[in-house]
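Student: I would like to learn how to read a structural model, one feature at a time. Where should we start?

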Amino acid sequence: MKLSRRLFALAALAVALAASSARAQANAPAGPTNGPLRMALMDAILQGLENNRSLRVERLAPAIRKTFEKEQEAVFDPTLKAGLSAQKARIEQPGGGGVSNAESTVVGGSAGVSKRFATGTRVGVEGSARLLDSSLYSDRFDSARAGFSLEQALLQGGGTAVNLASLRQARLDTESSEYELRGFVEDLVARIETTYWNYALAKLKIGIVSNSMELAGQQLTDTRERIKVGKTAPVELSAAEAEVATRKAELINARATADKTQLQFLRLVNPQGVVPWLVPIELLDS
């Protein structure tokens, strides 16, 4: 049941990523543009899941961990070995008042397979054959051998607890990387949503501060008129000018905050086909 839940979760993630890919491709511009980029919150989340570069790197972690798991499983895979040899010799030997030449050919081959089990048991089957053909004899000589071996570890390497420790650790590492990926995705979605609303708030603050600066400018103008007609002391002019300067500084800070938040948002979403530092963003959700 635990494996089924994991498979179901991975399948759901795959379906969500496929849907986000299709929607992101449908909404993505055909080529580089300077905007404006119209984006709703859900579109931003889906594009972030598809295009965020950090997430692309994090997606590789479970696959990399899976390779270590496969490596530990390979310890219990069957091992096949085979060999083939051939030898030809020419022998000169005296006989019958002269020297006679004799040729002999030896061909041999062997093959075997062995498998190690988690219990510490190793089973092997091996067979070999040898053929001798010599001009010294009228017949060929051949031999064959087959063998079966069984080994059981009693002390070191005995029992599944020892032999499966590395495999179980690799599986835990794979499962841990999947949970880390899930946590990264959840954190990414939360950061995209938070940055989306922070950018909306920053744009509202620009409007609020702009209105405040206009009001401060009007107060400065009124103060100057009052000073001209003698209704206000000249010392009040410094306070009005200081108020205007303060509002200008607040407007600069508000615009800087909005630009910074916009870059953070574009870095998280990474929309394709746009120039991040030039494109203006129009938020569709208020």
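Tutor: Start with burial: a residue is called buried under 20% relative accessible area, exposed over 50%, and partly exposed in between (1.4 Å probe, protein chains only). Asn163, with a relative accessible area of 10%, is therefore buried. This is a predicted model, in which local features need pLDDT of at least 70, side-chain atom pairs count only at pLDDT 80 or more, and totals for chains, interfaces and linings use all residues. Residues are numbered from 1 along each chain as its sequence is written, and side-chain values use heavy atoms, with hydrogens and water left out.

Student: What is Asn163 in contact with, leaving aside its neighbours within four places in sequence?

Tutor: A contact means heavy atoms within 4.5 Å. By that rule Asn163 touches Phe76, Gly157 and Gly158, as well as Arg116, Phe117, Ala118, Thr119 and Gly120. Asn163 itself belongs to helix H5 (residues 160-163). A polar atom of its side chain lies 2.9 Å from the backbone oxygen of Gly159.

Student: How many helices and strands does the chain have?

Tutor: Both are DSSP runs numbered from the N terminus: helices are H or I with at least four residues, strands are E with at least two. Here there are 7 helices and 6 strands, in the order α-β-α-α-α-β-β-β-β-α-α-α-β along the sequence. Of contacts between residues at least 6 apart in sequence, 66% join residues at least 24 apart. Of the chain's 286 residues, 25% are buried.

Student: Is Phe148 buried or exposed?

Tutor: Phe148, in strand S5 (residues 141-152), has 60% relative accessibility and so counts as exposed. Patches are built from residues with over 30% relative accessible area and no salt bridge: nonpolar side chains (Val, Leu, Ile, Met, Phe, Trp, Tyr) are joined within 5 Å, like charges within 9 Å. Phe148 is part of a nonpolar surface patch with Leu80, Val113, Val125 and Leu150, which together have about 540 Å² of accessible area. Such areas come from the Shrake-Rupley method with a 1.4 Å probe; for residues, only the protein chains shown count as cover.

Student: How should I read a salt bridge?

Tutor: Side chains of opposite charge can pair when their charged atoms come close. The rule asks for a side-chain nitrogen of Lys or Arg within 4 Å of a carboxyl oxygen of Asp or Glu, and the count comes to 10 salt bridges. In helix H7 (residues 236-269), Arg247 and Glu243 are 4 residues apart, about one helical turn. Their closest N and O atoms are 2.8 Å apart. Arg247 also pairs with Glu250, at 2.9 Å between the closest N and O atoms; Glu250 and Arg247 are 3 residues apart in helix H7, again about one helical turn. A network of salt bridges with shared partners joins Lys66, Glu69, Lys70, Glu73 and Arg171. Within it, Lys66 and Glu69 have their closest N and O atoms 3.4 Å apart. Lys66 is partly exposed at 33% relative accessible area, whereas Glu69 is buried at 7%.

Student: Which stretch has a pLDDT below 50?

Tutor: pLDDT is the predictor's confidence in each residue, from 0 to 100. The chain averages 83, and 83% of the residues score at least 70. The stretch with pLDDT below 50 is residues 24-33, which has 11 contacts in the model beyond near neighbours in sequence. Where pLDDT is low, the predicted coordinates should not be read in detail.

How values were computed
Polar contact = N/O pair within 3.5 Å; in protein donor to acceptor, adjacent residues only side chain to side chain.
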